[in-house]
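Let's take a friendly walk through this structure together. Keep the picture in view as you read.

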Amino acid sequence: MSSNAAFLKADHQISILADLSLPQRLSTLIAVAKRFGPIHPCYGIDRETKACTCGGVNRKTKKQCKAGKHPILGAWQVNASTDPSTISQLANRYPEANWGVVTGEVIDVIDLD
């Protein structure tokens, strides 16, 4: 089994990173960064209200944002990190965050919605 297949098989069993204990979450995030490149925290979806944790309002619909996947950090492209210490600090500061991977250097991604 290739390293990607093993990683994805283990990852497939994880439903929400925030549900993992902090040590498990950190080791998973560090492994993602090591394998795929710099990562950064993104806003999530509030489990009760189903709205984005950014608290923003969609300018067109005037309803609460429901995206739950835009970056928390300004200049996220340069502030994303593979450094375990930085990832640990961010994971502690944003325990409910989704996480994004900066693409284009280590990996390329095509997203078909």
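**Salt bridges and strands**

By the rule that a salt bridge is a side-chain nitrogen of Lys or Arg within 4 Å of a carboxyl oxygen of Asp or Glu, the count comes to two salt bridges. This is a predicted model, where local features need pLDDT of at least 70, side-chain atom pairs count only at pLDDT 80 or more, and totals for chains, interfaces and linings use all residues. Residues are numbered from 1 along each chain as its sequence is written, and side-chain values use heavy atoms, leaving out hydrogens and water.

Start with Asp-19, which forms a salt bridge with Arg-47; their closest N and O atoms are 2.7 Å apart. This pair links distant parts of the chain, 28 residues apart: Asp-19 is in the loop between helix H1 (3–12) and helix H2 (22–36), and Arg-47 is in the loop between E1 and helix H3 (76–79). Helices (H or I, at least four residues) and strands (E, at least two) are DSSP runs, numbered from the N terminus.

Arg-47 also meets Glu-96 in a salt bridge, at 3.8 Å from N to O. Here the partners are 49 residues apart, with Glu-96 in the loop between helix H4 (84–93) and E2.
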